[in-house]
Amino acid sequence: MCGIVGFVGNEDCVDMLIDGLSKLEYRGYDSAGIAVMDNKQIEVRKSKGRLADLTAKMEKEGRLKGTCGIGHTRWATHGEPSDINSHPHGNKRISIVHNGIIENYRDLKAFLIDQGYSFVSETDTEVVAKLLDYYYDGNPVDTIAKVIGEIRGSYALGILFRDFPDKIYAIRKDSPLIIGIAKNGNFIASDVPAILKYTKEYYLLEANEIATLTKDSVSVCDIHKNPIEKELNVADWDLDAAEKGGYEHFMLKEINEQPTAIKTTIAPRISEGMPYLEESGMTKEMLKGYNRIYIVACGTAMHAGLIGKYVIEKLAKVEVTVDIASEFRYRNPIITDKDLVILISQSGETADTLAALHLAKENGATTMSVVNVKGSSIARGSDIVVYTHAGPEISVASTKAYAVQLSIMYLLAFELAYAKEAISEEECRRLTKELQEIPDKIQDILVLKERCQFIASRLVNAESLLYIGRGLDYALSMEGSLKLKEISYIHSESYAAGELKHGTISLITEDMPVIAIATQENLFEKTLSNIKEVKSRGAKVTVICREGTKDDKTFANHLVTLPNMDDLMMPMLALVPMQYIAYYTAVLKGCDVDKPRNLAKSVTVE
Ligand code: M6R
């Protein structure tokens, strides 16, 4: 999604804006632009394409200079990626950058056209810029307050007024925006990595708080101009965490960071060998008192929820419903004040998951979020937050965030099962110990990369492939399939192995490779029959299974074996070869692994 950076301070801001935007590239974008106050005039440069295209354009049209400016990377929603549709938008006296969607922009546009305004772009953002111009009365805060009263939707806005050349104004609702406090000036930004090089200190802007930044001050007020005291946050991510650190891609670095991420996430939630989620405010008494549990999320986070469902239902014998967030609120789910709704999100800003949170709250349910980004909208809106400690995940394809989400799902299942007396203390301790062993086991299997690289070389020319599995393996295969298609652009589908012969097996030819996940001992024989069914029909089969699996020399064309653990824990190991296979296939195809086409890291629009 779009990224915003702004700086007002003691030094030239152009390089800082470009550098900050480069740290937000992971969010996904297709054009970029900056507006800088130069000699009391607003100067704008913008371009379709990457930041390199913007800097090339600046070389051609003249480099901007100034100590106060705003920048933007745009992920097209209203109007194609083009120079004209790129941000900033505005005119000679007002310039804005915007993240989000203005839902009533058509009505506002019609109104402004009646008032004599004309439009050059197809964007909803230009409507906000013109509306600011329409209401401008010499007082930026009053003007912003009036505009906020008119627009509906989500927004994070950075605004320059020519009449106030040393100030940046900012406001947000349902789209993230932070204010960075640095020695040499102050920043606005969509996310912490954009400011980490200059400062770790930042304020979180709440909905419809208006911020005014100068080089040495930040003031925040509500739309009635009542001043608001903000609490200073200090990021615990360091700059290295947001750099590639010698790896070719962030995705590869993040796959390799999984052992540490899991260790850091589970350590504070295990006390004397038992799961301990109470530090988040979720007591055992509360946990066992809910009628129903919903898990709601999108994409990879939803896949983590599916594993959670299996594990919770198996251990705690409590029914769990997993919903795709974009479906949840439109299917009229039955939610009561006796239910627990768990929202899983790496970014904590995913629009559909946020909307599901609001729906759950409106219906009186207890909401608990499993979120990676501190202070994000989903975290702040939830009754209970369990932060995962994966550090910044920059690659669009989620890897370490998935691993830590899974570990929280396991801890939750153990704690709930024990609280409900569905498992004994001894069993709970045994499972918790297995979870604690996962980081070292993953560390060991990271060496599988060469094996996976070879398998990827066999998949790279496929047009389409199939993932199959049963039970937990099926839930995991959905994530494997998503990972492969999002970064390598090879179509793939994940199928319950036993369901193949009800239709999908007709697709099997020698041109349709199959990746079978068969780590579940109790289901192995059955999955093996399905593997043989596809292999005998010509498919080249890669099997991910346990070490020592019998028959393992003949039933697969390629085999990846994993150390033995409890069936329940096997997804935490099998995720690694799946991530590697996707990664190396994409690398071999020459794809832009960390920034796949059309995708955004944090999906802040519906
Ligand atoms: O930030 P979130 O965890 O809420 O994001 C949810 C999905 O958009 C995300 O997991 C997406 O599916 C990833 N690109 C998958 O790798």
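Biologist: Which helices each supply at least two residues of the shell around the ligand?

Modeller: Keep in mind that this is a predicted model. The shell draws at least three residues from each of domain 2 (250–423) and domain 3 (448–589). As for helices that each give at least two shell residues, they are α9 (299–316) and α16 (472–488).

Biologist: How many residues surround the ligand, and what classes are they?

Modeller: The closest ones are Ser345, Gln346, Ser347, Thr350 and Glu486. In total, 14 residues surround the ligand. Sorted by class, the shell has 5 nonpolar, 7 polar and 2 charged residues.

Biologist: How far is an oxygen atom of the ligand from an N or O atom in the side chain of Glu486?

Modeller: Let's go through the contacts. A backbone N or O atom of Gln346 is 2.6 Å from a ligand oxygen, and an N or O atom in the Ser347 side chain also lies 2.6 Å from a ligand oxygen. For the Glu486 side chain, the distance to a ligand oxygen is 2.3 Å.

Biologist: What share of the ligand's exposed area does the protein bury?

Modeller: The ligand takes up the space of the largest pocket. On its own, the ligand exposes 410 Å², and the share of that buried by the protein is 91%.

Biologist: Moving to the backbone, which peptide bond is cis?

Modeller: Most peptide bonds are trans. Pro88 sits in the loop between β4 (68–74) and β5 (89–90). With omega near 0 degrees, the cis bond is the one from His87 to Pro88.

Note on methods:
Residues numbered from 1 in each chain as written. Predicted model: local features only at pLDDT ≥ 70, side-chain atom pairs only at ≥ 80, totals over all residues. Heavy atoms only, no water. Near = heavy atom within 4 Å. Polar contact = N/O pair within 3.5 Å; in protein donor to acceptor, adjacent residues only side chain to side chain. Areas by Shrake-Rupley, 256 points an atom, 1.4 Å probe, with all protein chains shown as cover. 1 Å grid on protein atoms, 1.4 Å probe; cavity = no way out; pocket = protein on both sides within 12 Å on 5 of 7 lines; lining within 4 Å. Sits in = over half its atoms within 2 Å of the grid points. Helix = DSSP H or I, 4+ residues; strand = E, 2+ residues; numbered from the N terminus. Nonpolar A, V, L, I, M, F, W, Y, C, P; charged D, E, K, R; others polar. Domains from an automatic or database assignment.
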